[in-house]
Amino acid sequence: MVSEMEKAKMSDLFAADKYSTAVEISGITLDNPVIPASGTFGYGYEFAELYDINCLGSLSFKGTTREPRFGNELPRIAECTAGLINSIGLQNPGVDKVISEELPKLRACFKKPIIANICGFSIDEYAENSARLDKEEQVSILEINVSCPNVHNGGMTFGTDAKMAAEVTRAVKAVAKKPVYIKLSPNVTDITEIAKACEAAGADGISLINTMLGMRIDLGRRKPVVANKMGGFSGSAIFPVAVRMVYQVYEAVKIPIIGMGGVSSARDVIEMMLAGASAVQVGAANLVDPFASREIVGNLIQEMARYNINSLKEIIGGAH
């Protein structure tokens, strides 16, 4: 049974001006902190066929490399308890087509700032892709992915070594005018060491966490389920790990954090922000339910009312 106090809180939902879901990251104001994560939302326009994606705070589009990539061999997906393992391998059409074909389609249906997720197999490639996408008007933040566990000789190689992560950061900052956020891997011993190195190298913010490294074995075949043997483990099962790492990094650096990892509800968004995130990305939940991000946005004010939160800005790092 709903208590009288709960009823009073719910009635407050009709006083929309009482609650502010707006947040700010690196001088960019978002209507709300909910951002579909790279690799789980395509280029946005695919989801615009299902609902008005302008309800979202922003979105991070698919990881972009210099050359087109088909990705890893099939099979590339394995289900597991409370999550999934993917080994997509950065499938994308390459930066030229992203700029000439994908971004115009996104601009036609999404009128808010977007985040460009940038990948590379060398420091030069990171810098070149960043310089190209930095010139795109709708792109407001460059999210540098040094943490992909699904590719060889790139991705996570840069994100598990503090010196290499710092080198990538410096190279991108040298060519970019827009804020640079470094997306970190959880597959390290000390996440704060990598975050501090990126901050010292000039990073404007940190995104974390990317997927963990996982594996499933087919009992019948007695072989790994995915062709790449291992892949990125994501989903609600990793949420406590993500909260812990966001909490640690918040205490270690002074730059803003975009938190992610197993977020699947408005309550998760609030918890992640209390840990220290200024905005929150939703990943695997979009693959399970294409309306997940919209539902999370729709439930934010209800959860704010439940926990006596008038402004989301005011709760960032509130658990410290």
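This is a predicted model: local features need pLDDT of at least 70, side-chain atom pairs count only at pLDDT 80 or more; totals for chains, interfaces and linings use all residues.
**Exercise 1.** Determine how helix α6 and helix α7 are oriented towards each other, and which residues make their contact.

*Solution.* Two packed helices are described by the angle between their axes and the distance between the axes. Begin with these two values: the axes of α6, residues 162-173, and α7, residues 191-200, come within 8 Å and cross at roughly 30°. Angles under 35 degrees count as roughly parallel, and α6 and α7 are therefore roughly parallel to each other. The next step is the sense of the crossing, which is right-handed for α6 and α7. On the side of α6 the contact is made by Ala162, Ala165, Ala166 and Thr169, while α7 contributes Glu193, Ile194, Ala197 and Cys198. Sorted by class, the residues of this contact comprise 6 nonpolar, 1 polar and 1 charged. To complete the picture of α7, note that its buried residues are Ile191, Thr192, Ile194, Ala195, Ala197 and Cys198, and that the helix is followed by Gly202, whose phi is positive, near 110°.

**Exercise 2.** Describe how helix α4 packs against α6, giving the angle, the handedness and the residues that meet.

*Solution.* Helix α4 spans residues 123-134, and it packs with α6 at an angle of about 35°, the axes being 8 Å apart. The crossing of α4 and α6 is right-handed. From α4 come Ile123, Tyr126, Ala127 and Ser130, which meet Glu167, Val168, Ala171 and Val172 of α6. The contact of α4 with α6 has 6 nonpolar, 1 polar and 1 charged residues.

**Exercise 3.** Find which residues have the most contacts inside the largest nonpolar core, and then list what Leu142 touches.

*Solution.* The largest nonpolar core has 89 residues, and those with the most contacts inside it are Ile53, Phe61, Leu142, Ile144, Leu184 and Leu208. Taking Leu142 from this group, and not counting residues up to four places away in sequence, one finds that it touches Ala116, Ile118, Ser130, Leu133, Asp134, Val172, Ala176, Pro179, Val180 and Tyr181.

**Exercise 4.** Locate Asn54 and decide whether it is buried, partly exposed or exposed.

*Solution.* Asn54 lies in the loop between α2 (45-48) and β4 (77-80). Its relative accessible area is 21%; buried means under 20% and exposed over 50%, so Asn54 is partly exposed. Along the chain Asn54 and Cys109 are 55 residues apart, yet their C-alpha atoms are separated by 7.9 Å. Leaving aside residues up to four places away in sequence, Asn54 touches Cys109, Phe110, Lys111 and Lys112.

Conventions: Residues are numbered from 1 along each chain as its sequence is written. Side-chain values use heavy atoms; hydrogens and water are left out. Axes are lines fitted to C-alpha atoms, for helices over the stretch in contact, and angles run from 0 to 180 degrees between N-to-C directions. Helices (H or I, at least four residues) and strands (E, at least two) are DSSP runs, numbered from the N terminus. Angles under 35 degrees count as roughly parallel, over 145 as roughly antiparallel, 65 to 115 as roughly perpendicular and the rest as oblique. A crossing is left-handed if the near helix is turned anticlockwise from the far one by less than a right angle, and right-handed if clockwise. Contact means heavy atoms within 4.5 Å. Ala, Val, Leu, Ile, Met, Phe, Trp, Tyr, Cys and Pro count as nonpolar, Asp, Glu, Lys and Arg as charged, and the others, Gly among them, as polar. A nonpolar core is a set of buried Ala, Val, Leu, Ile, Met, Phe, Trp, Tyr and Cys residues joined through side-chain atoms within 4.5 Å. Buried means under 20% relative accessible area, exposed over 50%, partly exposed in between (1.4 Å probe, protein chains only).
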